[in-house]
Structures are given as C-alpha cells and as structure tokens.
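Here's a quick briefing to read alongside the sequence and the 3D view. Have both open as you go through the points.

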Amino acid sequence: MDKFNIYALIAIGNALGAFAIGFFIFLQNRKAKANATFFLLTITVTIWSTAYYAWQIADTASSALFWSRYLMAGAIFIPVVYIHFILAFLGKTEKNKKSLFLSYLIFFGFFLFNFSSYFVNRVESALNFKYWPKPGPVFHLFLVLWLAYAFYGTYLLLVAYKKNKGIKKIQIRYLLGGIILGYVGGSTNYFLWYGIPLLPIANFFVILQLLAIAFAILKYRLLNIKIIATEFLVGLISLILFINIFAYESGTELITNIIIFMITGIFGISLIRSVIQEIKIKEKAQRLAFQLKEANKKLKKLDEAKSEFISIASHQLRTPLSAVKGYAAMLLEEVKDPERKDALNKIFLSNERLIKLVNDLLNLSRIERGKLQFNFKERQLADILDSVIAELQMLATRRGLKIIYNRVDLPLLKIDEDKLRQVFINIIDNAIKYTPKGTITIKTYLDENNVIIAVHDTGIGMKQEDINSIYEKFQRGKTGIDICPSGTGIGLYIAHKIVEAHNGRIWAESKGVNQGSTFYIKLPLPD
Ligand code: ADP
C-alpha cells in the first residue's frame, strides 16, 4: 500500500496533534478532572491514529489484521473515556462513580476479546482499501454500546446546555460541536465493516473536534472568534514573510526582508492586542448586562411576592374591619350619652379610614399584578354619589365642613360600581382631608358626550408643579404632606387607573396654595 496515501498521512498527523493537544491541556491544570480525562481521551485517539497509520501502510493481510486490532485497542475505550470526560466536565464523576467503573469494566471486556477473531475477524478489500477489517460476533455488541454511549453523552450535554447560562453555556456549545463532529465522523468508520460502501471520514475531523473541546476546556476566548481569526491571519502573514527572508539574492534584500518581517510582526502583535482589549471591554459589558438582568429578575420576583403579601394581608383585614363598622354603627344608634357617642364616632371614623386604606392597598396590589378586573353594568351615577356622600358626611361634619351636593339624575352609564365608588371616596375624602375650613361642592353635569363630576373644595390648594404628578404611585403634593403627614399617595394613582379603564379622564385644577382645588372626572356617555 502507498506509504503516503492521504489516510495514512492524516492518521500520523492526528496521532501527533492529538497527543500534543491533550498534553498541553493537561499541563494547563493537572488537578482538574476534565483536563486529565481529556488527556486520556487524546491518548486513546493517539493509539488509534498511530495504529491507523501502520495499518494503512501494511503490505500483508496478516500485518494489516494485527494493526487493525491494535487500532481497535485504542478505539474500544473512546466511548467510555468520552463519557468520563463529559461527566468530569459537568462535575458529575463523584455521583456516577459506580456506573463509570462498570463502564470501564465492560469496555475492558471488549479489549480482552480484541485480539481474538471474535472481535476483529479478518481483513478484506473494500472500496479503495486493500485490507479493511470485518466484524466478529462480539464486535456487534460493541457497536451497539458505542452508539448508546454516543447518544447518552450528547444527551447529557444537551440537558446541561439548557440548564446553564453565560460562559458555561458557550463552553458546552463548543463541546457539543466537537463531540457531535466526533461521533458523526466516527460512525462513518464503521460502515465498511458491514460492506456498506461509505467512505470513512472520521480522520479528517479528529483535530478539529479535539481543538473545539480544548477551546471549551480552556474557555479560550470562547466569545471571540475575532481574536482567533486575527491571530491566525497575523501568524500566516508572519510565516510567509519569515520564509520570504530566505529568498534573498543580495545582502540588502536579506536585510530588507528581515526588517519587513520584524515591522509586520510588531504591527501584528499590536493589532492582536487591540482586538483583545476591545473584546475584553465587550465581555465586561456583556457580563454586567447579564448580572443586571439577573438582579432585575430577582427584584421582579421580590416585587411580586410583596404585592401578593399585601393582597393576602388586606383580604384578611377586610372581614374584621367590616364587623367593627357594623357594630359601631349599631351602637351609635343606641347610645345617647354624648361622651360615649363621641368616642364611638371616633371608632367609627378611624375604622372607615382603615377600610379605605385596606381597599386602596388591595386595588394597588391588583393593579401591580395585572389582576384588576372590572364588572361593567348599567348604573345611575347619582345613586353612587349619594351613598358616598352619606358615608363621608359624618367625617365632614366633625371637621366643621359643609358638603354641598344637589342631586341631578344622569343618563345611565356602563360602569363598575364598586370601583367608581372607591374613586369618589378617594376624591371626596381628599377634599375633606385637605380642607381645614369651608365647603366642598360636588357638581355633576353633561358636556357633549360626557358626564362630568367636579369636586371643588376651599382647602389648601396645590402648587402648579404638583398638579400633574399626584397621579403617580406614592406621589404626594408638597402642601399635602404638611397638613396630613400620614397620607400614602396611592388614592389618586388608583383613581386614575380606574377612570382610565372606563375610557374617562381625571384631572385637577388649583389657582395655587390656599386657593382651593377642583378635581374633575369625565366619563363618556354610551354611543
Ligand atoms: P394621599 O392623600 O394619601 O397622600 P392621594 O393619591 O389621594 O394620596 O393624593 C396625592 C396627593 O395629592 C396628596 O398627598 C395631596 O398632596 C394632593 N391632593 C389630593 N387631593 C387634594 C386636595 N383636594 N387638595 C389639595 N391637595 C390634594
């Protein structure tokens, strides 16, 4: 056989290359299991490739048979060493100690058969190979296991690929690339054994596959094929210029060649450095972006948990608060003693305040979780206003405020009664809260296509800069904070959301501090 056929040449190149890569990786970190098992893998590839070369150049059938068996001595261990390497890379060797040991035993069993005719039976000519090995009975079993291990290894990596993030994910991507290349290439080597005329191409991929894995292990600039390309190009140009040095015809030409080589080398190195620098900055930005994303995710979860907690807590508070309201109202009717009545009044009003707060919190958490649901029905707005005013009357009277409201029946609107009630309570309650003396006037009227509800007070008014911001969550006006430090800044936020859901608008007007305020709610009439 031709001593320099392409298969023989590639095989000897693979043997040297595989060992060099494996040894290099091993030296990088001798304690790491992944590096050590990878070295073991390259040793099996080296054994296989060396024998491959000898088998390719064998002159006699018996020598070809000997070398093809020798070749299988390396190939037999590849599946188990592969799995060992994958497990080591994923940090799972400890967990799989027993099954790994068993796997080694099984493949060692094949190894024992390897030098008998049960494994590699004989050699025959196939395609353009003079001596291609033929399988014995044990070989079939080996091939089945070979396939099973190949699939299992790929499966392990695919699962890990899904689970992992960032650089580890990229590492696994390279590993997967290398390993799939290895298995697909490797499988083509077995067709001729069964007389299927398919050219074996495993040899052509070996170094590529090992390099991909080596890159993955070293995390060698995985993110940047750009650097590798630059290094390759600079290396190639330098090599050409280096060879060119010797193609001189005169002393000056030699010196010129050396100078050109050196200048190019220096430029090349600085080019590589600047690319590395650029990529490092990019990597840092990517890392930071990734960390930010993670932090954001955590914060969102925390926020959700908070909203849920508020929702549950508010729900739990509602029942006892309604009970207090009911009993306080009952007692208020019965008790005649003015001192007691006054105390009961205080209980009732404080309880009302709490109910409003709990309702606001509940609505807030619903808004934040996107769970604010509406139940639109035809209703008379004037009825809702009547009941809200009746409810707040006592509070206004206690503060010496007069509520003026002349009921006007309005066209029926499709509205969510409970939600709009909450809006009116918030607005009128604010008017009471932020008005030290005077009146609160509530008017309803129609413009072209809308119903407008205006709540005017003679209170502390608002600064121009606050008028537009008070609808934001937790946002309070400067004058408001002074007079009522315990406010939460959520009432108008909720009111705004609810009115918006009714396709309406809410806005306020004030001529300035101590000039009173008017809040408007505009709701569209049905078409
Ligand atoms: P809270 O009243 O609990 O602070 P709101 O969201 O209901 O929360 O109101 C937001 C802010 O708007 C208040 O803090 C207050 O500064 C201002 N505000 C609301 N209504 C009036 C009003 N009638 N007069 C003056 N300021 C008001």
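**After the helix**

H16 is followed by Asn503, which has a positive phi, near 60°. Helices (H or I, at least four residues) and strands (E, at least two) here are DSSP runs, numbered from the N terminus.

This is a predicted model, so local features need pLDDT of at least 70 and side-chain atom pairs count only at pLDDT 80 or more, while totals for chains, interfaces and linings use all residues. Residues are numbered from 1 along each chain as its sequence is written, and side-chain values use heavy atoms, with hydrogens and water left out.

**Domains**

- The protein chain splits into domain 1 (3–220), domain 2 (227–293), domain 3 (310–368) and domain 4 (377–524), with bounds that come from an automatic or database domain assignment.
- Between domain 2 and domain 3, the C-alpha centres are 78 Å apart.

**Helix H16**

- H16 covers residues 491–501, and its buried residues are Gly491, Leu492, Tyr493, Ile494, Ala495, Ile498 and Val499.
- Buried means under 20% relative accessible area, exposed means over 50%, and partly exposed is in between (1.4 Å probe, protein chains only).
- The cover over those buried residues includes helix H11 (338–368), helix H13 (417–433), E8 and E9; contact means heavy atoms within 4.5 Å.

**The sheet**

- Five strands make an open sheet in the order E4-E6-E7-E9-E8, with mixed pairing; two strands pair if DSSP finds at least two bridges between them.
- Strand E4 (401–405) and strand E8 (505–510) are the edge strands, each pairing on one side only.
- From one strand to the next, the twist averages 15°.
- Helix H12 (residues 381–398) packs on the sheet and touches E4, strand E6 (438–446), E7 and E9; its direction makes about 170° with that of E4.
- For that angle, axes are lines fitted to C-alpha atoms, for helices over the stretch in contact, and angles run from 0 to 180 degrees between N-to-C directions.
- E4 and E6 run parallel and are joined by five bridges; Tyr405 has Ile442 as its bridge partner in E6.
- Strand E7 (residues 450–457) and E9 run antiparallel, with eight bridges between them; one of the paired residues is Ile453, whose bridge partner in E9 is Ile521.

- Ser517 is found in strand E9 and counts as buried because its relative accessibility is 5%.
- Apart from neighbours within four places in sequence, Ser517 is in contact with Val455, His456, Asp457, Gly461, Met462, Glu509 and Ser510.
- Thr518 also sits in strand E9 (residues 517–524), and it counts as buried because its relative accessibility is 11%.
- The side chains of Thr518 and His456 make a polar contact at 2.7 Å.
- A polar contact is a pair of N or O atoms within 3.5 Å; within protein, one must be able to donate a hydrogen and the other to accept it, and residues adjacent in sequence count only if both atoms are side-chain atoms.
- With neighbours within four places left aside, Thr518 is in contact with Ala454, Val455, His456, Trp507, Ala508 and Glu509.

**Nonpolar cores**

- The largest nonpolar core has 66 residues, and Phe38, Met72, Phe119, Phe142 and Tyr190 have the most contacts inside it.
- Such a core is a set of buried Ala, Val, Leu, Ile, Met, Phe, Trp, Tyr and Cys residues joined through side-chain atoms within 4.5 Å.
- Helix H6 (residues 137–163) gives the largest share of this core, ten residues.
- Not counting residues up to four places away in sequence, Phe38 touches Ile21, Gly22, Ile25, Phe85, Leu210, Ile213, Ala214 and Ile217.
- A second, separate core has 57 residues, including Ile389, Leu395, Tyr471 and Tyr520.

- Trp55 is in helix H2 (residues 33–56) and is buried because its relative accessible area is 4%.
- A polar atom of the Trp55 side chain lies 2.8 Å from the backbone oxygen of Tyr131.
- Asp466 lies in helix H14 (residues 464–467) and is buried, with a relative accessible area of 5%.
- Setting aside neighbours within four places in sequence, Asp466 is in contact with Gly477, Lys478 and Thr479.
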